[in-house]
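Please look over the sequence and the model shown here before reading on.

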Amino acid sequence: MTKMRSFLAAGVAAFLSSSAIPGIASAEVTVLGWPGGSEETALRAAVDTYNALPGTAEDDKVELLFFNREGFYDKLQADLAAGSDAFDINLIATYSIGRYAPFMEAVDLGSDAEKVFGKPILETMQFEGKQYGVPTDLSLHFMYYRKDLIDALMADDGAKATYAEISQQYLGKSLEPKAPDEWTWDDWAATALYFTKSVNPDSPVRYGTVLQMKNLLFNIMVFQSLPRAHGADWMDSSGKVTVASPAYRTGLELYKKLYDAGATPKDSLSYEYPETNAAWTSGQVATALQWNAAAGELMNPETAPAVAEDTAVVAPPAGTEGRKDHIHGLGLGLNKNSKNKEGAVRFLKWLASEDAALTYAKAGGSPALASSVVEKIAADRPDLVKLGEFAGKYGYVMNGATSANALSVYEVQAKEFTAYWAGQKSLDEALSAASRSMTDLLK
């Protein structure tokens with residue numbers, strides 16, 4: 001394996017350093033970006049704008065470099081570790097910054113960057129208190145709900161009485177239906193139970209929600225806003241792992257309660273992003289916590305004809321510590337071995353400016369912008385309004401979630417939490433195992 005990694009590193013470095021790549025040899029600032037999709041399209045538009053600015057000198061103009069998505073992060077790490085200077089700026093992601101930080105330099109984006117993005121968004125590109133990049137694209141979660149179903153519930157006194165009975169039986173408290181934007185996690189759970197056929201035979205749909213419970217690290221990103229809303233974190237300020245906490249217990253138990261009650265399909269233990277979308281578009285689900293990226297499919301009459309017009313979104317519900325929404329982003333940072341650090345930093349600072357952010361957004365990117373900035377593009381990109389609003393108000397990054405082993409932490413949690421939800425381990429066993437593994441990973 002060591003020989004294979006060395007070969008990969010050498011091969012990638014040699015490939016990137018080759019003068020056979022058109023345009024790279026003459027470029028003073030080379031940017032290695034995320035290939036394909038809206039991210040590449042938006043970055044190309046931003047670079048074209050920057051290169052055309054009157055103040056951009058010829059030797060500061062930017063060239064772009066892309067390689068395949070498959071194995072991208074491993075290839076990037078290998079090349080950085082090999083000391084390649086074939087690119088000055090490279091892609092980074094919130095959950096992998098710790099892997100690359102030893103081979104990169106922190107950057108000062110200037111005081112205006114916080115006015116453009118907001119503090120929580122800038123933190124998605126920070127590691128050990130230092131800023132390692134410009135946040136270009138953001139992911140978080142929306143609570144999707146069927147407004148036609150909720151409106152009917154709110155207008156029916158008999159339905160409200162049934163709702164109160166169900167919440168008392170399953171949650172130990174008699175609750176009244178609320179507007180989704182006012183939900184606590186218990187309100188959401190009560191709503192999910194009410195709209196479950198096996199719980200309420202009069203429900204117009206089969207399932208109150210659809211949970212992503214597969215043993216997959218990205219599913220834990222979806223789940224963890226629940227315990228976070230009750231004060232959960234990976235570590236305390238001293239570095240002690242705190243996963244075995246009342247907050248995590250509350251979240252894990254609530255998911256299992258909904259699963260055991262049939263509020264989510266029984267095969268949810270194999271569900272992730274596409275299965276959630278498929279369940280939603282079937283018209284048989286009342287609520288779903290899902291990535292913001294799904295909005296384009298779930299709220300589009302062409303891809304979700306049965307439910308698009310009745311699908312609405314709010315931020316995830318509130319816990320004892322308020323509303324919280326997991327955020328992570330893609331961004332661009334500075335290669336320690338850059339040959340033109342001054343030019344690279346000038347581009348990064350420009351990329352963190354309002355004009356650049358708007359250019360990037362207009363070209364299809366998904367930056368999370370401060371309210372004063374996003375309002376200037378709201379008519380063209382209404383989805384970015386909620387993205388920026390939710391990220392700015394509720395966004396968080398777990399303590400340790402930008403470390404070198406962050407992805408491994410998510411994998412450990414996915415393994416242990418899914419085992420608990422599946423009934424293969426007790427809650428104490430799952431939390432104890434997760435705590436031991438996390439302690440080793442986050443040393």
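## A contact of threonine 418

The side chain of threonine 418 reaches the backbone oxygen of methionine 213 at 3.0 Å, a polar contact, that is, a pair of N or O atoms within 3.5 Å in which, within protein, one must be able to donate a hydrogen and the other to accept it, residues adjacent in sequence counting only if both atoms are side-chain atoms. The model is predicted, and local features need pLDDT of at least 70, side-chain atom pairs count only at pLDDT 80 or more, while totals for chains, interfaces and linings use all residues. Residues are numbered from 1 along each chain as its sequence is written, and side-chain values use heavy atoms, with hydrogens and water left out.

Threonine 418 is found in helix H19, where helices (H or I, at least four residues) and strands (E, at least two) are DSSP runs numbered from the N terminus. With a relative accessible area of 11%, threonine 418 is buried; buried means under 20% relative accessible area, exposed over 50%, and partly exposed in between, with a 1.4 Å probe and protein chains only.

## Aromatic rings

A pair of aromatic rings is described by the distance of the centres and the angle of the planes. Rings of Phe, Tyr and Trp (its six-membered ring) pair if their centres lie within 6.5 Å, and planes under 30 degrees apart count as stacked, over 60 as edge-to-face and the rest as tilted. The structure holds 23 aromatic pairs. One of them joins phenylalanine 223 and phenylalanine 417, an edge-to-face pair at 5.9 Å centre to centre with 70° between the planes. Because phenylalanine 223 lies in helix H10 (residues 217-223) and phenylalanine 417 in helix H19 (residues 406-421), the pair ties together parts that are 194 residues apart in sequence. Phenylalanine 223 counts as buried at 0% relative accessibility, and phenylalanine 417 counts as buried at 0% relative accessibility too. Elsewhere, Phe142, Tyr144, Trp280, Phe390 and Tyr394 form one aromatic cluster.

Charges also sit over rings, which requires NZ of Lys or CZ of Arg within 6 Å of the ring centre and within 35 degrees of the ring normal. Lysine 256 lies over the face of tyrosine 420, at 5.7 Å from the ring centre, and lysine 266 lies over the face of tyrosine 259, at 4.7 Å from the ring centre.

## Pockets and a cavity

On a 1 Å grid over the protein atoms alone, a cavity is a set of points where a 1.4 Å probe fits but cannot get out, whereas a pocket is an open set with protein on both sides within 12 Å along at least five of seven lines, and lining residues have an atom within 4 Å of a point. Grid points are joined across faces, edges and corners, and a volume is the space filled by probe spheres set on the points.

| Space | Volume |
|---|---|
| Largest pocket | About 850 Å³ |
| Second largest pocket | About 440 Å³ |
| Largest cavity | About 70 Å³ |

The largest pocket is lined by 33 residues, and Glu39, Ser139, Trp291, Ala293 and His328 lie nearest its centre. The second largest pocket has 18 lining residues, of which Phe127, Glu128, Asn399, Gly400 and Thr402 lie nearest its centre. Residues that line the largest cavity include Gly33, Trp34, Glu39 and Tyr360, and H2, E7 and E14 each supply at least two residues of that lining.
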